Amino acid sequence: MTERKKVSFGGSSTSGDSDENSSVFSNEGAIDVSTRDRKKSRAIRRLSMGSVRSKEGETEAVTRVESVKKDNKLHQLILAGNEEEAKKIIAKGNDTNGQDSSGKTPLHTAILAKQFSIVEMLLEQNADVTLKDDAGDSVLHTAIRVGSERLVQVLIERGRCNVATPGRNSATPLHLAAEMDNVAICKILVENHASLSPLDAEQMSPVARAVERGAQKSTQYLLQKAEEETGSVESFKYNVDVDGSSLLHLAVNSGILGVVEICVQYGVRIRLPRREDKITAFHMACEQGSLPIVKYLVSEDPALCRITLLDCKGRTPLHAAAGKNHSQIVEFLLENEAAVDPKDDERRSPLFRAANYGAHNVVKLLMDRGADVTVRDTMLKSVLHAAVGDVKSMEALLQSPTAAALITEKDEDGFSPVHYAAKSGDLKNIRLFANKNRTSPSVLSNSLDTPIHVASRYGWKDVVVALMDNQNVKIINLRNSQGKTALHFACSEGHDHTVETLLRLGATIEKDQLERTPLHLAATKGSLLCCQVLVQKSEESINDVDKNKNTAMHLAAINNHPAVMEFFLSHEKASILKNGYNQSVVDIAVSLELKEVAAVIAKHDRWREALSKSTTGLVPIMDTLIRKMPEVAVFFLDRCVEEKGESESENYMVKYDLNLVQGQFPGEPFKSDKKSLQLIKIMAEYRRERCLTHPISFMLLNMKWKKFGWWTFGLNLASYFLFLIPLTALTVYDRANEDILCKKDNSTDSGYDETCTTSDAVTQVLSTFAFIACVVLIGKHIFSLVRKRVAYLKNFLNYVEWLCYVASIVYIFPTCDCKYGYKLEVGAVAIFFAWMNLILYFRRLSSYGQYVIMLTTMFVTLVKVLLLWMLFMMAFGTTFFLIVDKEHFNTFGYALMSMYVMTLGELNYHDEFLPWDELAFPTLTNVLFVILVLGMPIIMMNMLVGLAVGDIDKIQQNALMDRYVLQVQLLLDIENSMPMFILKHVQVPSYSEYPNHSKTLKQKLVDALISFGKPESTEVEEEEKLSPGMVAIIGRLDEQEQRADKLYDLLKEQSEMLKELNNRGREEAVRAEKQAEDKKEDNSGKLGLFRF
């Protein structure tokens, strides 16, 4: 039942105002929707006007704040009633217009305090009566709010206040006096020529304001005065607000019968509709439930009840009263011959409207008066559809045999009242329907859904039980147009308690038109409890396939439900099958990049079986995991490590199955090929540190390094030494014996005898060895170029080696004893890059490789800064070349080189810049020199040092991984170039080690010298650096985490218990929600049962 609301109307007043004459009316009656909207719009306009007013007054506010402190005392004295002190301050000539923090002047304050003598004194001091406070009130508005006729009279006569001045919301003083029902002040204002017709911000006159607030005396006076002045009040009666209301609309809305009588006496038409919504004053009175007003209006117009008054939606006053459960009004209207079954634009009668809004008293009354219960609206809904959710209204309706026949009637969407009751969980109405019509639980919608389908869809297990009470068990397994049973719907939404109830009541596991069982839908939803209940009921259904050959396990994987996936994998009867797209669960998880599902598979004991069922292939699967889900790849690698025995036992063994990391299925016979390191290559390309440093990956690399990697690397290094040593010896020997090997001849351009002699045995032997070694190395690079092609060309270091070898051949050939001229330059280039290349060779060594990489990384950083350095050198070099006339700055090249040396700290100020009298521009030169000292040797060098030191830890960490990647690439190159018959003998399918066995001296030496050298990951380093105190803290945190897990499990159990209790509470909650939302009168759309 909708209760009538109590609405209070009264004049607003400023905080602290006292009102001796104003009245506040508390009236009973409901406000219609349009009135609420109008008041909302008014409030918004007030806010917007207030914000504009505040923006315009920002400057004024700043000025006022400065005077608040000095004027605050005067305001306080006035409020305290200390007239003598206040008059002294005023008499001293202080500012009588100073405003306080709320914008009030002393005159405002005196009026509020009703200090008449101070008001008169301020007026004598010419206080400004036009100033307004922050709310927009002038002193005259304030006096009216106080309700003092004397003050109003004084302000008008002595203060010469403008009676038409607008205040807050553009209201004039007469607006304010009228709505406060202060007739005496209204008379004073009117006698002083206040207009009766000005409109405020809401387009309302003082008369309309008085009527709206139920101010009976003011209304009578103003209308009488208007009639005296103009001879007619016609202009005041209609369109009195923004909604196009009449005075009678406002009077009825006020709930004051006396005001209504005045409006009718002045001829306001009762039947006139409001412009906006076509509602008459009689509609409003019926909707509010004000019986005295309704009776009065009918007494003035006896035909009101008999005629058809319609609003914009075609509703009569009877509709309005019925919807609000005003039974007395309905009874009065019917007694006065109102039609009992008028239809609105939606073809809804008052009975339909009453049922729709739960007005059970009116429903009973209309039923007693013979209202038609068979009425249908435009959507073919009956009164029973409307009454769903209100058991009292439904009981009243079902008293009629005709209404009972409507239980199974369907609306435009094909659903009966039973369906709607089942949807909302309306258990009481469901029982009513079942008692009145035993076929109601089996009524079918247009899509062949029964109410049991609906209740199962929304999880109302008690409703399901009620519907199945005394019914044939077959109806629980009825299928809809899609072949779905109620069990399908319960599983599709994850209602595990409803699933248990259905199974207990006899539901069987069937397939729909897509050949999906309820288990398929439960897996799709991710409801673990539903899956467990269904499998417990029928284990055979766990391997059922749908139209696409998907099992429930496939659907759990596709929809990313790891918990359900783990449940299926753990069940002994669950098979890992392939669907219609030839995909297993592993293929699905990897192709869709479902990390959680893939992780569940990797951690499960059936991981080998899952991988073996993959149609994508093991290498593509692991390839994708390494690239996109490296953490899952680590889980798979973890499964390849098997520990046996106690960890502290001497016989403790760790077995490494190296098949998976070499692209072969674990446990199967190993097949040798040249792609055994393909996955390792992917790890290196994408720098997957955790994968590369995993024990499985490291053990494979370490074993291959020991078998063929180290001696291949050693052979390459030895061959390079066979080139480097002769070349170095040749250059040193030729340079040291230049005077012996080269004969001077001044007649030639070079100054040496240009005849090529080959008599020196040392030179010839060294040249021959160096040349042969160089040719061999060049051949090796040509072979590598043919094999690698584009990858070879992308490696910058290959160009460095080619430069070294080409320069060496130019230097050696022809093998003359004397090397002079350009040969010396070429030899210098060759020997420089030869030794630099040797340094790069050491990058692959586990001991020294990281330091070489760190050096090259810092060199790259230097090159990046070099451009900025060169700009500084150009700026200072060019400048000093122009203004300094010294030996080292005579040429532009000398100037640049001098700048380069000076930037490194060799400033040499004494020799280059002293004495000052020899400088052409001493002041400018010294200023630039100071800038040079600050900018280059100090700032630039410190910046380079800071970059190197600040990034050293990061560089070292990256260098470790870079060295590791280089070793991996070397192994890949070696394995790819090895013949297959050799490769078969160096493959390693598995390896077992005993960590607790003590190593022999030989094993220690081998590990130290030729070990692959596993880099420690960042995580391990951080753990090693933890202090004992931090370790203790971490231990305590672990303990707290375990306690939290136990607490979580306990709360989870309690949550399950509360869930059962909450299901009962949800019935009432949903019913209330239905009344608030589902039963809106403007429901113009067609809503299907499963589209709510």
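Among contacts (heavy atoms within 4.5 Å) in the protein chain between residues at least 6 apart in sequence, 73% join residues at least 24 apart. The model is predicted, so local features need pLDDT of at least 70 and side-chain atom pairs count only at pLDDT 80 or more, while totals for chains, interfaces and linings use all residues. Residues are numbered from 1 along each chain as its sequence is written, and side-chain values use heavy atoms, with hydrogens and water left out.

The protein chain contains 55 helices and five strands; these elements are DSSP runs numbered from the N terminus, helices being H or I with at least four residues and strands E with at least two. Of its 1092 residues, 48% count as buried, a class defined by under 20% relative accessible area, with exposed meaning over 50% and partly exposed lying in between (1.4 Å probe, protein chains only). The accessible surface of the protein chain comes to about 53,200 Å², and carbon and sulfur atoms hold 55% of that area. Such areas come from the Shrake-Rupley method with a 1.4 Å probe, and for residues only the protein chains shown count as cover.

Three strands form an open sheet in the order β3-β4-β5, with antiparallel pairing; two strands pair if DSSP finds at least two bridges between them. Its edge strands, β3 (641–644) and β5 (990–993), each pair on one side only. On average, neighbouring strands of this sheet are turned by 15 degrees against each other, direction ignored. Helix α41 (residues 695–736) packs on the sheet and touches β3, β4 and β5, its direction making about 80 degrees with that of β4. Axes here are lines fitted to C-alpha atoms, for helices over the stretch in contact, and angles run from 0 to 180 degrees between N-to-C directions. Strand β4 (residues 653–657) is joined to the antiparallel β5 by four bridges, and Y656 stands opposite Y991 in β5.

On the surface, F771, I772, V775, V776 and F813 form a nonpolar patch with about 460 Å² of accessible area together. Patches are made of residues with over 30% relative accessible area and no salt bridge, with like charges joined within 9 Å and nonpolar side chains (Val, Leu, Ile, Met, Phe, Trp, Tyr) within 5 Å; a salt bridge is a side-chain nitrogen of Lys or Arg within 4 Å of a carboxyl oxygen of Asp or Glu. V775 lies in helix α43 (residues 761–788) and is partly exposed, because its relative accessible area is 40%.

N437, in the loop between α25 (427–436) and α26 (451–457), counts as buried because its relative accessible area is 16%. Apart from neighbours within four places in sequence, N437 is in contact with A404, I407 and T408.
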